[in-house]
Amino acid sequence: MQGEARNLLTPEGRRLIQGGVNTLAPHPDLTEARRVLALEADALRALSDTLDDGFVRAVGLLAGVTGRVVVSGMGKSGHVARKIAATMASTGTPALFVHPAEASHGDLGMILAGDAVLALSNSGETPELADLIAHSRRFSLPLIGIIGRAESTLARAADVALVLPAAPEACPMGLAPTTSTTMQMALGDALAVALLTRRGFTASDFRVFHPGGKLGARLSRVRDLMHGAAELPLAPPDMPMEAAILAMTARRFGCLGVVGTDGALAGVITDGDLRRALENSGGAALLSRPAGEVMTRNPRAIGGDMLAAEALGVMNKHAITALFVVDEARRPIGILHIHDLLRAGVA
């Protein structure tokens, strides 16, 4: 009985007593986390509301450069600047990060005619940015600032000043860069994606900059993963099923392509087709039938330029494990099996 009483004093026991409704106060850590996220969400909404023609001018300047976008910032703004440069570079906008202190000791030589400078500073008075700002003005390089104060040195010097709305830092002391860096990061993403969209950057372009990992695999083309013409399991429509089955099993794809006299894919025979034919005509009768009578006509096929991820979607949608790859005249040029997608990390 004492044990049962102790159990009722646990949070679970109290929830049972209260009819399954937990009226206990949330853990202080959760309360604090939700406060931070709410503050930063409010700041992002305010940032969205304050965007105006200045953002459009900034995108126009960055889109027009013939060189690179040089992104810079000090401290936490520098960490954000590195990420913005990486995002731009991976989405079709040549970009690099230059540390402002290193710029004053030789790295200004990395910034060339045709480049633009994107400088981040919450105060707009970061002393380490002074030489970088002066360099951009001396050589008439477009200068865009992401700034927390409209009346600041960086804001006055910039061709376009993207001023963050006033918002409290999430730090209880109001000191650690939190809300401000979240807004910087989001605004950098907005610039990168607006540039991506303006340039018509495609998944194919994205693949060029992301060849590795699962993302790179999903952006591979079918022709990169398919088995070529030398491995194709093919047969003419008049081939007896006895020979067709041997040709089908020799390639181990679980299917056979049936091609007409014009070389186009007329049908396929799968393991399922064989089972259905056996049920309808029996083993001996099946072996004497021509492949053209057993095949499934007008089968699904894909092109070599289709993304591997799209091919996987076709397989999943129609519950099939292999697809013939055809040219414009529907002549088979390859075959893609689900195992190929698994090995490549697409599936």
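Two strands count as paired if DSSP finds at least two bridges between them. The legends below describe close-up views of a predicted model.

**View 1. Strand β4 and its parallel neighbours β3 and β5.** In β4, Ile147 is the bridge partner of Ser121. The pairing of β3 with β4 is parallel and comprises 5 bridges. β4 also runs parallel to β5, joined to it by 4 bridges; here the partner of Ile146 in β5 is Leu162. Together with helix α7 (residues 130-138), β3 and β4 form a right-handed β-α-β unit.

**View 2. Burial of strand β4.** In a regular strand, side chains alternate between the two faces of the sheet. Leu143, Gly145 and Ile147 point one way from β4, while Ile144 and Ile146 point the other way. Residues on both sides are buried. Because 5 of the 5 residues of β4 are buried, the strand is largely enclosed by the rest of the structure.

View 3. Helix α9 covers residues 179-199, and at 1.5 Å a residue its 21 residues should span 30 Å. The end C-alpha atoms are 30 Å apart, in agreement with that value. Buried residues of α9 include Met183, Leu187, Leu191 and Leu195, as well as the polar residues Thr179, Ser180, Thr181 and Gln184. Among the elements covering the buried residues of α9 are the helices α3 (28-50), α4 (53-64) and α5 (76-90) and the strands β3 (116-121), β4 (143-147) and β5 (160-163). Just after α9, Gly200 has a positive phi of about 70 degrees.

**View 4. Salt bridge between Lys83 and Asp189.** The closest N and O atoms of this pair are 2.5 Å apart. Lys83 is partly exposed at 30% relative accessible area, and Asp189 is partly exposed at 26%.

**View 5. Salt bridge between Asp115 and Arg68.** The two side chains meet with an N to O distance of 2.7 Å. Asp115 is in the loop between α6 (100-103) and β3, and Arg68 is in the loop between α4 and β1 (69-73), so the pair links parts 47 residues apart in sequence. Asp115 counts as buried at 2% relative accessibility, whereas Arg68 counts as partly exposed at 25%.

View 6. Arg276 and Asp273 form a salt bridge, with 2.8 Å between the closest N and O atoms. The two residues are 3 apart in helix α14 (residues 271-281), a separation of about one helical turn. Arg276 is partly exposed at 46%, while Asp273 is buried at 6%. The whole structure contains 10 salt bridges.

Technical notes: Residues numbered from 1 in each chain as written. Predicted model: local features only at pLDDT ≥ 70, side-chain atom pairs only at ≥ 80, totals over all residues. Heavy atoms only, no water. Expected span 1.5 Å × (residues − 1). Buried < 20%, exposed > 50% of the residue type's maximum accessible area, 1.4 Å probe, protein only. Contact = heavy atoms within 4.5 Å. Right-handed = clockwise from strand over helix to strand, strands pointing away. Salt bridge = Lys/Arg side-chain N within 4 Å of Asp/Glu carboxyl O.
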